[in-house]
Number of protein chains: 2
Amino acid sequence: MTLAQVFSALGDPIRLKLFTLIARDPSQEVCACSFVDELQRSQPTISHHLKILREAALITGTKRGTWVWYSVNTEALSEVREFLS
Amino acid sequence: MTLAQVFSALGDPIRLKLFTLIARDPSQEVCACSFVDELQRSQPTISHHLKILREAALITGTKRGTWVWYSVNTEALSEVREFLS
DNA sequence: TTGCTATATTGACAGTTATCAATATAACAC
DNA sequence: GTGTTATATTGATAACTGTCAATATAGCAA
């Protein structure tokens with residue numbers, strides 16, 4: 001939850017892509033399997049990165065059925081923007 | 001110079017403190033020795049972190065005499081802010 | 001030149017991290 | 001119940017990173 005933790009979470013290329021994919025389409029269903037194809041990483045690796053983004057409070061995931069819907073946490077984003085200004 | 005590189009540079013607690021110290025007082029002379037005292041790290045470690053911030057284009061250092069003056073690169077900052085909005 | 005000081009680089013090492021294979025868990029359909 | 005699918009966790013390993021001691025470089029002063 002620290003600011004360094006947030007920056008560190010975004011500091012990995014795979015996680016930055018994950019974050020932008022989620023941020024770009026917050027209304028749609030996103031499942032890890034699509035990320036696997038898109039980012040060329042194994043399912044456990046994607047799951048690992050999603051966890052780090054979650055722990056940094058950058059995204060939230062809610063499970064509906066077997067799928068998980070992800071969306072960005074806009075509050076965390078504004079905090080970071082505020083720091084940078 | 002990638003966005004991930006910028007976030008990664010800010011993702012370390014020591015570097016985040018270095019960056020805020022420089023950003024908070026951009027007009028003043030800053031020398032690594034003061035950072036050594038302030039951040040409780042050895043001079044080579046501070047120098048190493050400053051290099052990473054420089055390579056991420058977050059700060060620029062100009063040498064005048066034996067001291068180095070550091071200031072933040074405002075262009076890089078706006079780029080990051082733009083990404084987050 | 002010699003000496004002093006601020007910063008950078010090198011080398012080594014411990015701790016961390018990104019990755020995948022294997023396995024586990026959870027939720028659905030039958 | 002069984003079977004299937006989506007996601008999470010565990011364990012192992014290679015690669016990376018933060019750190020300091022030692023050394024090098026650069027600039028000033030005498």
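Visitor: Why is the crossing of H1(A) and H1(B) called left-handed?

Guide: The crossing of H1(A) and H1(B) is left-handed because the near helix is turned anticlockwise from the far one by less than a right angle (clockwise would be right-handed). Before we go on: this is a predicted model, where local features need pLDDT of at least 70 and side-chain atom pairs count only at pLDDT 80 or more, totals for chains, interfaces and linings use all residues, and side-chain values use heavy atoms, without hydrogens or water. Residues are numbered from 1 along each chain as its sequence is written, while chains are lettered from A and ligands numbered from 1 in the order in which they are written.

Visitor: What makes H1(A) and H1(B) roughly antiparallel?

Guide: Both helices span residues 3–10, and they pack at about 150° with their axes 7 Å apart. Angles under 35 degrees count as roughly parallel, over 145 as roughly antiparallel, 65 to 115 as roughly perpendicular, and the rest as oblique. H1(A) and H1(B) are therefore roughly antiparallel.

Visitor: Which residues make that contact?

Guide: Ala4(A), Phe7(A), Ser8(A) and Leu10(A) meet Ala4(B), Phe7(B), Ser8(B) and Leu10(B), where contact means heavy atoms within 4.5 Å.

Visitor: Why is H3(B) called roughly perpendicular to H4(B)?

Guide: The axes of H3(B) and H4(B) come within 9 Å and cross at roughly 110°. That value makes H3(B) roughly perpendicular to H4(B). Here Ala32(B), Phe35(B), Val36(B) and Leu39(B) of H3(B) meet Gln43(B), Ile46(B) and Leu50(B) of H4(B). By class, this contact has six nonpolar, one polar and no charged residues.

Visitor: On to the DNA. How many residues surround DNA strand D?

Guide: 25 residues surround DNA strand D, and the closest are Ala32(A), Gln43(A), Arg41(B), Thr45(B) and His49(B). A residue is near a strand if one of its heavy atoms lies within 4 Å of it. Sugar and phosphate account for 69% of the atoms of DNA strand D within 4 Å of the protein.

Visitor: What makes Thr45(B) a polar contact of DNA strand D?

Guide: A side-chain N or O atom of Thr45(B) is 2.7 Å from a phosphate oxygen of DNA strand D. A polar contact is a pair of N or O atoms within 3.5 Å, so this pair qualifies. The surface near DNA strand D divides into 10 nonpolar, nine polar and six charged residues.

Visitor: And which residues are closest to DNA strand C?

Guide: The closest are Arg41(A), Thr45(A), His49(A), Cys31(B) and Gln43(B), among 25 residues that surround DNA strand C. Of its atoms within 4 Å of the protein, 71% belong to sugar or phosphate and the rest to bases.

Methods:
Axes are lines fitted to C-alpha atoms, for helices over the stretch in contact, and angles run from 0 to 180 degrees between N-to-C directions. Helices (H or I, at least four residues) and strands (E, at least two) are DSSP runs, numbered from the N terminus. A polar contact is a pair of N or O atoms within 3.5 Å; within protein, one must be able to donate a hydrogen and the other to accept it, and residues adjacent in sequence count only if both atoms are side-chain atoms. Ala, Val, Leu, Ile, Met, Phe, Trp, Tyr, Cys and Pro count as nonpolar, Asp, Glu, Lys and Arg as charged, and the others, Gly among them, as polar.
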